[in-house]
Amino acid sequence: MTIKQIKMNHLFSILLLLCSMTLLSAQSETNIVTEDIPRFWEAYDQLPNCKTTEDSIAAFQTYYIDKATEGLQAFISSRGYTAKEYVYQARRAPKYWASIRANTLAIEEKRPELEAVYADYKRVFPDHIPPKVCFGIGALRSAGTVQEGYILIGTEMVATDVQTVESELTLWQRAVLPDTFEVRSIIAHEYVHALQDFGIGKALDFFTRRTLFFTLIEGSADFLAKHVTGGTINEPIHQYGLAHEDEVWTKFKKDVLTNKHTRWVYNGGSETYDFPADMGYFVGSRICESYYEQASDKAQAITDILELKHMKRFYKRSGYIEAMSNE
C-alpha cells in the first residue's frame with residue numbers, strides 16, 4: 001500500500017468518525033426517552049401474582065418507580081403519583097389498560113415524526129436549547145407537562161384511539177382522551193411550553209386575571225405549534241370555535257380580565273358554557289393569530305407570542321378585539 005493510499009484510508013476513517021459523531025449528536029439532541037413504558041408493563045404484569053394490596057404496591061414501586069428514568073422521576077414528582085395510585089388505577093380499569101397496551105409500546109415507532117418536530121422548531125428558534133422528551137405512564141391525570149428541561153408525556157392518555165375501551169373511565173377522562181393515536185401534535189404543543197418563561201414577570205396576570213393568563217399561555221402554544229409544525233392538538237376545539245366564534249367571543253370578553261379561567265381551560269367534563277371544554281385554547285390562539293397577521297415584523301411577532309411579556313397589552317394590541325367588534 002502506497003503512502004498516498006494510507007493517507008486516503010486515514011482520511012476516509014476520519015470522515016466516517018465525523019459522520020458517526022454527527023449522527024449520534026443528532027440522535028442525542030432530541031433525547032426521546034421511552035424506556036419507562038416497558039417497565040410499567042413489567043410492574044403491571046406482576047399484579048395477578050400478588051396476594052395482597054401491599055404486594056401490588058411493592059411491585060409497582062420495585063419494578064417501575066424505583067427504576068424510573070430522570071424524566072419519569074420528574075413526572076412522578078410533579079404530579080404526586082404513588083405506587084398505591086398506580087395499583088388503584090390498574091385495578092379500576094383493566095379493560096382500558098389492555099386496550100392501550102400495544103399503542104403505548106409502539107411509541108418508539110413515532111420517533112421519526114418527533115424528530116421532524118424538533119427540526120421544525122430548530123428552524124424557527126435556532127438558538128434555543130431543545131427540551132428532552134420522556135414518555136412515561138402516569139395515573140390517568142395528566143397527558144403532558146414540562147418540568148426541569150423535559151417534556152413529560154403521560155402515554156396512557158395520548159396512545160388512545162377508536163378501539164380504546166373507555167367504559168371504566170370518568171367523564172373527564174373520556175372527554176379529554178383523543179380518538180387518534182398521534183403524538184406529534186402534543187409534543188409540538190408542549191414544546192412551546194418548554195420554551196416559555198413562567199417567571200415573576202407574569203405573576204400579576206396569574207394572580208389578577210387568570211382567564212387571560214391561561215388563555216394566552218395555552219393559546220400561544222396552539223398557535224405556534226400549528227405555525228411551526230402545521231398541526232394542533234386541539235383541532236376539534238378550533239373547528240367548533242371557528243363555526244361559533246361570535247358566540248364564544250361574546251362570553252369570553254366578559255371573563256377575559258377576571259379569574260374565571262375554569263370556564264375556559266382545564267374544564268373537561270365539568271359544567272361550563274354551552275360549548276366544548278377548553279375553548280380558551282381556541283380564543284388564545286385566535287388572539288395570537290391576529291397579533292401575528294397585523295404585525296409588520298413577523299419574526300418579532302413570533303418572539304412576542306412566545307414571550308408574552310405584557311399580556312394585557314398584548315391582548316389589546318392584537319387587533320382581535322377590533323376584528324370581532326366589526327363582525
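Reader: Where does leucine 140 lie?
Author: Leucine 140 lies in the loop between S2 and S3. Here helices (H or I, at least four residues) and strands (E, at least two) are DSSP runs, numbered from the N terminus.

Reader: What kind of model is this, and how are residues numbered?
Author: This is a predicted model, in which local features need pLDDT of at least 70 and side-chain atom pairs count only at pLDDT 80 or more, while totals for chains, interfaces and linings use all residues. Residues are numbered from 1 along each chain as its sequence is written, and side-chain values use heavy atoms, with hydrogens and water left out.

Reader: Back to leucine 140: is it buried or exposed?
Author: Leucine 140 has 1% relative accessibility and therefore counts as buried. Buried means under 20% relative accessible area, exposed over 50%, and partly exposed in between (1.4 Å probe, protein chains only).

Reader: What is its phi?
Author: The phi of leucine 140 is positive, about 60°, although the residue is not a glycine. Aspartate 278, also a residue other than glycine, has a positive phi near 60°.

Reader: Where is aspartate 278 found?
Author: Aspartate 278 is in the loop between helix H13 (245-255) and helix H14 (279-294). Its relative accessible area is 15%, so aspartate 278 is buried.

Reader: Now the sheet. What is the strand order?
Author: Four strands form an open sheet in the order S1-S2-S4-S3, with mixed pairing. Strand S1 (32-33) and S3 stand at the edges with a single partner strand each, so one side of each has no neighbour in the sheet.

Reader: How many residues of S4 are buried?
Author: Five of the five residues of S4 are buried, so the strand is largely enclosed by the rest of the structure. Tyr150, Leu152 and Gly154 are buried on one side, and Ile151 and Ile153 on the other.

Reader: Which residues of H4 are buried?
Author: In helix H4 (residues 70-79), the buried residues are Gly71, Leu72, Ala74, Phe75 and Ile76. They pack against several elements, among them helix H2 (36-44), helix H3 (53-65), helix H5 (83-92) and strand S4 (150-154). Contact means heavy atoms within 4.5 Å. Just after H4, glycine 80 takes a positive phi of about 70°.

Reader: Why are tryptophan 41 and tyrosine 44 separated by about one helical turn?
Author: They are separated in this way because they are three residues apart in helix H2. Both tryptophan 41 and tyrosine 44 are buried. They belong to one aromatic cluster that also includes Phe40, Phe60 and Tyr64.

Reader: Last one: at what angle do H7 and H11 cross?
Author: The axes of helix H7 (residues 111-124) and helix H11 (residues 210-229) cross at roughly 95° and come within 9 Å. Axes are lines fitted to C-alpha atoms, for helices over the stretch in contact, and angles run from 0 to 180 degrees between N-to-C directions. The two helices, H7 and H11, are therefore roughly perpendicular to each other. Angles under 35 degrees count as roughly parallel, over 145 as roughly antiparallel, 65 to 115 as roughly perpendicular and the rest as oblique.

Reader: Which residues meet there?
Author: Val117, Asp120, Tyr121, Arg123 and Val124 in H7 meet Leu224, Ala225, Val228 and Thr229 in H11.

Conventions. Phe/Tyr/Trp six-rings, centres within 6.5 Å; stacked < 30°, edge-to-face > 60°. Pairing = 2+ DSSP bridges.
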